[in-house]
Amino acid sequence: MFYDPDINDHGLPYNPIKGLVVPRPIGWISSVSAEGVGNLAPFSFFNMLSYNPAYLMISAGCKADGSKKDTVLNIEETGEFVFNMANWDTRKKMSDTSWIDDSKIDEMKECGLTPARGQRVKVPLVKEAPAHMECVYHKTIELPGHDPESVHHMIIGRVVMVHINDDYVGGDGLVDICKIKPIARLGYMDYCTVEEVFSMKKKTVEEKLTPKIAAK
Ligand SMILES: Cc1cc2nc3c(=O)[nH]c(=O)nc-3n(C[C@H](O)[C@H](O)[C@H](O)COP(=O)(O)O)c2cc1C
């Protein structure tokens, strides 16, 4: 099958598009408003863009009235945010923080999560999260939408501090990702966890050249 995503003539009961680029990591983003009110919300249009230096991006749609979501406003106004990693243990609270869209309510407090101090930014970290990245605002890219709610603001931030809970660093010095069990978004109402990992070695230059040499 094929369909035009601007018309959505797929004939299926639900739009399949968000289930086709998966799993999408979840950026559980804390920020603070210019008035000092804390905010916490999950975003699965989220990813790391580079590592040296490290940049992250979040892409947020608009509220029903076409205004920017609190996360976008806060980051643009204060220039700071924190990525908190969501995992199996925090999955329910992560979901709860997405339902509160009243900018006067601090989701971290409301959902019984513990704020922890950062090193470089004033925005609190979610203590219960296994890893965090403190970020400073870099820029916003506006993506046009078919209606006011679907206009997206892609926020790019530069990572200025990384935190990892030592309980998840193994004796080999590697982060034990299966112990963390991060969660990620699939399509529909579905999520997955990272519980099994496989490795593949990079080829050496000689190994990459071998087939060409052999063909001569
Ligand atoms: C797992 C999950 C992923 C989400 N991903 C996004 C996303 O990528 N972009 C978006 O605009 N909203 C996303 N949402 C909805 C927001 O979390 C929700 O609109 C939230 O209230 C925004 O909060 P804010 O207005 O405080 O920024 C997601 C919700 C959940 C539960």
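Predicted model: local features only at pLDDT ≥ 70, side-chain atom pairs only at ≥ 80, totals over all residues.
Me: What makes Cys 111 buried or exposed?
Reply: The relative accessible area of Cys 111 is 12%. The limit for buried is under 20%, and therefore Cys 111 is buried.

Me: Why does Val 169 count as partly exposed?
Reply: Its relative accessibility is 33%. Buried is under 20% and exposed is over 50%, with partly exposed in between; therefore Val 169 is partly exposed.

Me: Where does Val 169 lie, and which residues make the nonpolar surface patch?
Reply: Val 169 is in the loop between β10 (152-164) and α4 (177-180). Together with Val 162, Ile 164 and Val 175, Val 169 makes a nonpolar surface patch of about 290 Å².

Me: How do you know that β11 and β12 pair?
Reply: Two strands pair if there are at least two bridges between them. Strand β11 (residues 183-185) and β12 have three bridges, so they pair, in the antiparallel sense. Within this pairing, Ala 184 stands opposite Cys 192 of β12.

Me: What makes β1 and β12 edge strands?
Reply: The open sheet has three strands in the order β1-β11-β12, with antiparallel pairing. Strands β1 (24-25) and β12 (191-193) each pair on one side only, and they are the edge strands.

Methods. Residues numbered from 1 in each chain as written. Heavy atoms only, no water. Helix = DSSP H or I, 4+ residues; strand = E, 2+ residues; numbered from the N terminus. Patch = residues over 30% accessible without salt bridge, like charges linked within 9 Å, V, L, I, M, F, W, Y side chains within 5 Å. Areas by Shrake-Rupley, 256 points an atom, 1.4 Å probe, with all protein chains shown as cover. Salt bridge = Lys/Arg side-chain N within 4 Å of Asp/Glu carboxyl O. Buried < 20%, exposed > 50% of the residue type's maximum accessible area, 1.4 Å probe, protein only.
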